[in-house]
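Please read this note with the model open beside you. Each point can be checked by selecting the residues it names.

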Amino acid sequence: MSNTSNNVVGVDNTFRRKFDREEYLERARERERQEEEGRSKPKAKGPPVQRKPLKHRDYEVDLESRLGKTQVVTPVAPLSQQAGYYCSVCECVVKDSANYLDHINGKKHQRALGMSMRVERASLKQVQERFEVLKKRKDVGSFTEQDLDERILKQQQEEEEKKRLRKEKKKEKKEKAVEEPEIDPDVAAMMGFGGFRSSKK
């Protein structure tokens, strides 16, 4: 009997996981080799993208067209029909006008339009031409003190006219309030009061 107990056939009942150290060492060496190759290879950079300098907008930003309007919003609606301001260039929806303006003037939007955030430096000639244009615009619409006096008088007359109209409306309201319809005294007595007038006169 002692013979059989010493010669137990190999049954692994330790339930512990066995790791092959050599296999994992080989995997670690392979990973290190790949990392070294990745570091030694320079990233393939193409030529830098040349973007245009910033320009002013040639269109009016529409912030007030949908102001005060009610709109049904569904989760399955396309982005352009959802609540808020839709940017067709970046294909995103911004919830309010302040954030929409920030987005339009921001780096991401300008890059999508093909512009860098740098402003083109103006030459002396361009500045002089701009001054000439502004001088001509000012000379065409120049006005004298007499024009200013006329505008002030006109504005005062308009204000006086508005005041007069307001007074007339108030008088009409008072007259309408005084001209109340006559109430049958029997009906008034049955309801328990003498009339609809207030005690103040």
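1. The model is predicted, so local features are discussed here where pLDDT is at least 70. The protein chain contains 7 helices and 4 strands. Read from the N terminus, the elements follow the order α-α-β-β-β-α-α-β-α-α-α.

2. How much of the protein chain is made up of buried residues? Of its 201 residues, 8% are buried. The accessible surface of the chain is about 20,100 Å², and carbon and sulfur atoms hold 52% of that surface. Among contacts with a separation of 6 or more, 35% join residues 24 or more positions apart.

3. His 109 sits in helix H4, which covers residues 107-112. Is His 109 buried or exposed? It counts as buried because its relative accessible area is 4%, and the cut-off for buried is under 20%. Beyond its neighbours within four places in sequence, His 109 touches Cys 87, Val 89, Cys 90, His 103 and Ile 104.

4. Glu 91 deserves a look at its backbone. The residue is not a glycine, yet its phi is positive, at about 55 degrees. Most residues other than glycine have a negative phi. Glu 91 is found in the loop that runs between strand E2 (85-87) and strand E3 (92-94). With a relative accessible area of 53%, Glu 91 is exposed, since the cut-off for exposed is over 50%.

5. How many salt bridges are found in the whole structure? The search gives 6. One of them pairs Arg 27 with Glu 23, with 3.0 Å between the closest N and O atoms. The two residues are 4 residues apart in helix H2 (residues 21-40), so about one helical turn separates them. Arg 27 is partly exposed at 47% relative accessibility, and Glu 23 is partly exposed at 36%.

6. Helix H2 also holds Arg 29 and Glu 26, which are 3 residues apart and therefore separated by about one helical turn. Their side chains form a salt bridge with an N to O distance of 4.0 Å. Arg 29 has a relative accessible area of 42% and is partly exposed; Glu 26, at 41%, is partly exposed as well. A network of salt bridges links Glu 26, Arg 29, Glu 30 and Arg 33.

7. In helix H6, Glu 168 and Arg 164 are 4 residues apart, so about one helical turn lies between them. They form a salt bridge in which the closest N and O atoms are 2.6 Å apart. Both ends are partly exposed: Glu 168 has 36% relative accessibility and Arg 164 has 39%.

8. Which residues form the positive surface patch? They are Lys 162, Lys 163, Arg 166, Lys 167, Lys 169, Lys 170, Lys 171, Lys 173 and Lys 174. Lys 171 is exposed, because its relative accessibility is 58% and the cut-off is over 50%.

9. A nonpolar patch should be noted too. Val 127, Phe 131 and Leu 134 make a nonpolar surface patch of about 260 Å². Val 127 belongs to helix H5, residues 124-140. At 35% relative accessibility, Val 127 is partly exposed.

Methods. Residues numbered from 1 in each chain as written. Predicted model: local features only at pLDDT ≥ 70, side-chain atom pairs only at ≥ 80, totals over all residues. Heavy atoms only, no water. Patch = residues over 30% accessible without salt bridge, like charges linked within 9 Å, V, L, I, M, F, W, Y side chains within 5 Å. Areas by Shrake-Rupley, 256 points an atom, 1.4 Å probe, with all protein chains shown as cover. Lys, Arg positive; Asp, Glu negative; His and termini not counted. Charge placed at Lys NZ, Arg CZ, Asp CG, Glu CD. Buried < 20%, exposed > 50% of the residue type's maximum accessible area, 1.4 Å probe, protein only. Contact = heavy atoms within 4.5 Å.
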